[in-house]
Amino acid sequence: MAGPKFGSFKGEKGESAADAGAAAQRRDPYEVLGVGRNATEQEIKSAFRRMALKYHPDKNADDPIASEKFQEATFSYNILSDPDKRRQYDSSGFEAIEADSQELELDLSSLNTVNTVFAALFSKLGVPIKTTVSATVLEEALNGSVEIYQLQLGKSVCRKVEKQTAHFYSVDITDEEAKMGLVCRVHSTAKSKFKLLYFEPEDNGGLSLALQEDSAKTGKVTSAGMFFLGFPVYRFEQNNSAAAAKDPDSSFFKRLDGFQPCEVNELKAGTHYFAVYGDNFFKSASYTIEVVCAEPFSAEKERLRSVEAKIIAKRSELSKFESEYREVLAKFTEMTSRYAQEMQTIDDLLKERNAIHASYTNNPTLQRSSSCSKGKSPSKGSKSEDDQTVKKEKKSKSKPMDGSRSDDEGTKNKKEKKPKDRIRRKKWFNIHLKVDKRRPC
């Protein structure tokens with residue numbers, strides 16, 4: 001289970017849980033629960049139950065100090081009961097816990113209507129909200145004041161349980177049945193949320209919670225089951241989806257960390273107690289419960305034992321593979337960075353080369369044309385001066401005497417008429433005339 005964020009919901013008197021938690025100094029979770037650093041999961045769970053029953057808001061409605069202690073105990077338990085959170089706290093303290101994405105864990109029975117509505121809305125939006133069994137139910141069970149129904153082995157019972165309440169059942173088994181193993185299974189066709197609980201008898205006649213399984217959607221129903229098969233059986237808690245989206249690599253390598261052994265693997269001959277707890281926000285939960293002997297499922301037992309052994313082996317392999325993967329990933333990141341740098345360097349060099357080529361093909365042409373124009377400009381000027389001089393000379397020559405002008409005009413006219421005469425003569429000689437030159441005219 002993940003640690004809660006107490007600032008998300010408000011208490012009965014309008015104060016946020018974060019404000020209440022800030023009033024008290026944050027203490028070591030081991031110190032809060034009164035257990036050692038090497039405490040087992042069962043010892044941590046028992047210590048939390050004692051504190052939860054003592055400081056629960058239902059029993060201390062007008063005591064703010066008890067409320068703070070309850071919140072502190074809940075926060076500490078949520079850290080130490082989760083293997084991943086406990087490991088993070090042991091290595092880096094509260095900073096590692098606060099940096100990680102945390103789920104909400106609430107006792108719905110302690111919330112008022114408004115906060116229950118908010119919790120339901122967050123759940124609908126996909127925010128993972130863990131819920132705990134009501135302290136009232138646990139206290140009644142511990143005091144032995146709960147009503148217990150007798151459940152026959154192999155016979156199913158269909159009932160409806162109200163929200164945040166529980167139905168208790170007892171089942172008697174023989175030595176032979178205990179050796180073959182038992183399976184308790186519950187499902188809801190209405191897809192109700194519920195918890196399957198297993199209680200152990202206390203010396204005072206009461207019952208203490210030993211195992212808890214939350215319902216999960218499996219196809220068109222929600223279901224939960226407990227297996228007492230005489231060999232270690234494991235439960236699997238899914239990783240936080242928000243943390244998985246934040247760091248998918250770490251989420252992958254920690255995926256099997258939630259694969260933890262159940263505290264109880266086998267049952268002895270005698271009477272055993274189960275309960276179904278309604279975990280819906282507003283409505284009752286419909287369910288069907290059945291306790292069956294595992295004898296008909298001998299093949300399934302062996303398959304379960306085999307596959308869970310493979311999962312444990314795979315978890316150890318993942319630990320080794322993670323170090324190799326991190327090393328290769330670091331090298332790959334280095335190579336990728338170098339690849340990008342080399343690509344940028346090549347682009348810069350090619351760009352510089354193209355700029356140099358452009359300076360040869362474009363700019364020198366302009367310079368040469370400008371230099372040529374500069375070199376030719378004086379020659380043009382001298383040519384224009386020569387043209388002016390020639391024009392002046394022609395003007396001076398074009399001033400002849402009147403007589404010479406008339407002669408010139410006459411000769412000019414004659415020259416112009418000569419082509420015409422030639423044309424006429426050509427036409428004349430084209431006529432074939434026979435003249436007898438011997439005869440006199």
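User: What makes the meeting of Lys314 and Glu317 a salt bridge?

Analyst: In this predicted model, the side chains of Lys314 and Glu317 come to 3.0 Å, N to O. A salt bridge needs a Lys or Arg side-chain nitrogen within 4 Å of a carboxyl oxygen of Asp or Glu, so this pair qualifies. Both residues sit in helix α12 (residues 298-361), 3 residues apart, about one turn of the helix.

User: Why are Lys314 and Glu317 called partly exposed?

Analyst: Partly exposed covers what lies between the buried limit, under 20%, and the exposed limit, over 50%. Lys314 has 43% relative accessibility, so it is partly exposed. Glu317, with a relative accessible area of 44%, is partly exposed as well.

User: How many salt bridges does the structure hold?

Analyst: There are 12 salt bridges. Among them is the one between the side chains of Arg37 and Asp90, at 3.3 Å, N to O. That pair links distant parts of the chain, 53 residues apart: Arg37 is in the loop between α2 (29-33) and α3 (41-55), and Asp90 is in helix α5. Arg37 is partly exposed at 48% relative accessibility, and Asp90 is partly exposed at 41%. Salt bridges also link Arg27, Glu31 and Glu72 in a network.

User: What makes Lys195 and Asp214 a salt bridge, and which strands hold them?

Analyst: Their side chains meet at 2.9 Å, N to O, and the limit is 4 Å, so the pair counts as a salt bridge. Lys195 belongs to strand β7 and Asp214 to strand β8 (residues 207-214), so the bridge ties together parts that are 19 residues apart in sequence.

User: Which residues meet where α4 packs with α5?

Analyst: From α4 come Asn78, Ile79 and Leu80, and they meet Lys85, Arg86 and Tyr89 in α5. Sorted by class, this contact has 3 nonpolar, 1 polar and 2 charged residues.

User: Where do Gln164 and Lys191 lie?

Analyst: Gln164 is in the loop between β4 (157-161) and β5 (166-173). Lys191 is in the loop between β6 (182-188) and β7 (194-201).

User: What makes β4 and β9 edge strands?

Analyst: The open sheet is formed by 5 strands with antiparallel pairing, in the order β4-β14-β6-β10-β9. The strands β4 and β9 (216-218) each pair on one side only, and they are the edge strands. From one strand to the next, the twist averages 35 degrees.

User: How do you know that β6 and β14 pair?

Analyst: Pairing needs at least two bridges, and 6 bridges join β6 to strand β14 (residues 285-293), so these strands pair. They run antiparallel. Val186 stands opposite Ile289 in β14.

User: Which residues does Val157 touch?

Analyst: Leaving out residues up to four places away in sequence, Val157 touches Leu151, Tyr169, Tyr287, Thr288 and Ile289. Val157 is in strand β4. The C-alpha atoms of Val157 and Tyr287 are separated by 8.3 Å, with the two residues 130 apart along the chain.

User: Why is Val157 called partly exposed?

Analyst: Its relative accessible area is 25%, which falls between 20% and 50%, so Val157 is partly exposed.

Conventions
Residues numbered from 1 in each chain as written. Predicted model: local features only at pLDDT ≥ 70, side-chain atom pairs only at ≥ 80, totals over all residues. Heavy atoms only, no water. Helix = DSSP H or I, 4+ residues; strand = E, 2+ residues; numbered from the N terminus. Contact = heavy atoms within 4.5 Å. Nonpolar A, V, L, I, M, F, W, Y, C, P; charged D, E, K, R; others polar. Buried < 20%, exposed > 50% of the residue type's maximum accessible area, 1.4 Å probe, protein only. Axes fitted to C-alpha atoms, helices over the stretch in contact; angles between N-to-C directions.
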